[in-house]
Amino acid sequence: MNRSHFRFHRQRQAGFTLVEALIAFLVMAFGMLAVAGFQTTMSRNSDVAKQRSEAVRLGQQKIESLRTFQQVRSDGAGTIVNYEDDVVSGGPETINPSSADPYATNATYARQWWVTKNDGSTAAGAGDLEKWIRVQVAWTDRAGEAQSVTLRSVISRSDPIDLGTLFTGPNGSKTRTPKNRNINIPYPAVDLGNNKSGFTPPGGGSTFYVFDNTTGIVEKICTGTPIPGFDTTGCTSTYRYLLSGYIRFFTTTGGGAVSASDIENTTDPTKDLTVSLKFVSPTPTAQPYTCFAQRQKVVSAGNVSPVTISTAVRSGSVVTITTSGNHGMSAGQTVGISSVADTSFDGQFTIASAPSNTTLTYTQAGASASSTGGTAVLVQQITIEDNSTVPAPPGYTSVVSRFVAYACLVEPFDHDGDGNTPTSTALRWSGQMVITPLTTTDTAAWSLGTTSGTFQLCRYTGDYVSDNIISNSEHPLYYRGVTGALDNQNYVVLAGNKSCPTDSEANTATGHYFNANTKLHQSQAIAGGTQPYGGAVSQGTQWGTGSAGEQGTSTEEFPMF
């Protein structure tokens with residue numbers, strides 16, 4: 001190869017290397033553009049993902065806000081968050097998260113929600129057992145595209161007082177309210193079936209009330225004895241709230257101060273009295289109420305082991321029980337019948353006769369029937385009228401406690417005059433319970449006052465849930481905006497020269513199982529008005545701004561619980 005040919009070959013190779021470099025740069029440029037585009041997409045997607053997380057949080061926040069109502073029924077004034085008035089459609093809202101919030105995004109959100117029945121129709125209010133919630137949160141991302149998130153949930157018409165039923169006990173068992181019904185239905189009430197309970201008010205004779213087990217509302221007033229399966233078709237329909245509780249007596253006049261332990265389970269003799277109500281002025285044109293009160297005592301008997309029931313036969317309102325062994329009971333005592341194959345036999349009954357060691361009879365209205373199985377046992381403690389003319393049944397010789405049991409049936413009223421029905425909103429009452437001493441054949445004259453020869457009424461009360469409010473169920477001086485039943489509104493009568501004792505929260509670790517804190521309720525006679533209409537409670541100074549939790553104006557309403 002000559003020299004000229006060599007020079008030409010080298011020049012051709014040098015030119016080809018430049019072309020390769022240009023192509024490489026071109027390929028790299030396209031790659032960089034793709035990477036840049038990918039980075040832009042990744043950044044936008046990351047931005048949208050953060051915005052979507054924020055939108056989900058805002059949607060969940062609204063659902064939880066709707067879920068945290070304080071009571072089911074409306075208070076009418078809009079002062080208490082409730083299921084009927086506040087779990088409703090609303091919006092839209094504009095939300096611009098604060099830049100101080102570490103989770104804030106660079107978007108402004110429009111939040112809107114809808115509340116419907118399960119079929120999509122508008123939720124009416126009080127009658128809806130559940131409400132279906134749809135929350136939509138919308139925004140525009142930085143690329144100008146519309147984005148949205150939709151969340152759905154269901155809120156049930158459950159009273160917050162019953163939320164403890166959501167917890168479980170040992171071995172996963174579900175805890176329940178007493179007798180699996182509204183906690184403010186008095187415990188002695190009998191289960192009638194069909195989600196109803198019957199309660200005979202103390203001293204009410206043959207009158208009894210029928211409750212709805214879910215709401216605690218009194219739906220009917222009946223005559224007779226409440227038993228399982230009682231036919232209520234002949235009863236009078238109504239819509240009322242029950243106010244009930246117990247009044248104990250600790251009447252010692254000498255010695256030192258009364259302590260909380262003195263009044264936890266006193267057995268001092270009771271005195272006759274009447275219970276009446278005074279309502280917030282102006283008194284409604286018609287606000288009927290009925291109050292009953294009766295002196296009672298709990299007595300106990302010796303232990304008798306349960307026996308197995310061979311047969312149970314009801315005929316002509318008389319039940320004959322045959323047991324497989326010696327039942328050990330006698331006429332006048334109280335027998336508890338349980339777990340019989342036909343549950344209409346279950347309950348507590350006064351034994352009419354005990355013809356033999358293996359048979360006993362008692363009265364129970366109902367259709368003729370027969371059954372087998374279950375147990376019969378002597379009820380160890382029973383409550384009877386505390387009256388010298390009413391002897392204790394045979395064998396019940398020990399007095400466990402004494403008290404006056406009372407119950408007032410109050411018809412709530414339409415406070416704002418909008419014509420709402422009982423199944424709608426704003427039916428409630430506000431007022432005060434007062435007592436009036438009575439003199440009877442076995443109760444000497446007594447009066448209210450502040451001296452050693454008189455007596456005063458203290459109420460058991462306290463901020464039991466530590467929310468700085470004495471709610472209606474926590475027993476305030478005056479009830480305000482009552483929208484349901486109130487049970488265990490208890491009192492104690494003390495000597496007039498004593499102070500109502502105070503107490504601290506219960507603490508099982510120290511063996512302190514009962515908070516017996518009290519406050520003065522009544523130390524002078526207060527006319528309650530002539531039934532069926534109550535006297536008026538003035539809106540004056542007695543509403544007060546005194547003790548913690550009861551301050552506020554006369555129109556301020558308390559939560560129920």
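Rings of Phe, Tyr and Trp (its six-membered ring) pair if their centres lie within 6.5 Å; planes under 30 degrees apart count as stacked, over 60 as edge-to-face and the rest as tilted. By this rule, twelve aromatic pairs turn up in a search of the whole structure.

The model is predicted: local features need pLDDT of at least 70, side-chain atom pairs count only at pLDDT 80 or more, and totals for chains, interfaces and linings use all residues. Residues are numbered from 1 along each chain as its sequence is written, and side-chain values use heavy atoms, with hydrogens and water left out.

**Overall make-up**

The chain holds two helices and 27 strands. Helices (H or I, at least four residues) and strands (E, at least two) are DSSP runs, numbered from the N terminus. Of the 561 residues in the chain, 42% are buried; buried means under 20% relative accessible area, exposed over 50%, and partly exposed in between (1.4 Å probe, protein chains only). Among contacts with a separation of 6 or more, 65% are between residues 24 or more positions apart, a contact being heavy atoms within 4.5 Å.

**Aromatic pairs**

F69 and Y83 form an edge-to-face pair, 5.4 Å centre to centre with 65° between the planes. F69 lies in the loop between α1 (3-67) and α2 (83-86), and Y83 lies in helix α2, 14 residues apart. Both F69 and Y83 are buried. A tilted pair is formed by Y109 and W139, at 5.7 Å centre to centre and 55° between the planes. Y109 belongs to strand β2 and W139 to strand β3, so this pair ties together parts that are 30 residues apart in sequence. Y109 and W139 are buried as well. Elsewhere, ring pairs link F249, W446 and F455 into a cluster.

Charged side chains also meet rings. The charged end of R134 sits over the ring of W114, 4.1 Å from its centre, and that of R314 sits over the ring of F345, 4.5 Å from its centre. The criterion is NZ of Lys or CZ of Arg within 6 Å of the ring centre and within 35 degrees of the ring normal.

**The sheet β1 to β4**

Four strands form an open antiparallel sheet in the order β1-β2-β3-β4. β1 (90-95) and β4 (146-156) stand at the edges with a single partner strand each, so one side of each is left without a neighbour in the sheet. Strand β2 (residues 109-116) and strand β3 (residues 130-140) pair over seven bridges, and R111 has V137 in β3 as its bridge partner. Two strands count as paired if DSSP finds at least two bridges between them.

**Partners of β12**

Strand β12 (residues 307-315) has the antiparallel pairings tabulated here.

β12 and β13 form a hairpin with two residues between them, and G316 in the turn has a positive phi of about 60°.

**V400**

V400 lies in strand β20 (residues 398-410) and counts as partly exposed because its relative accessibility is 25%. Not counting residues up to four places away in sequence, V400 touches N265, T267, V298, V299, S300 and Q381. The C-alpha atoms of V400 and I382, 18 residues apart along the chain, are separated by 9.6 Å.
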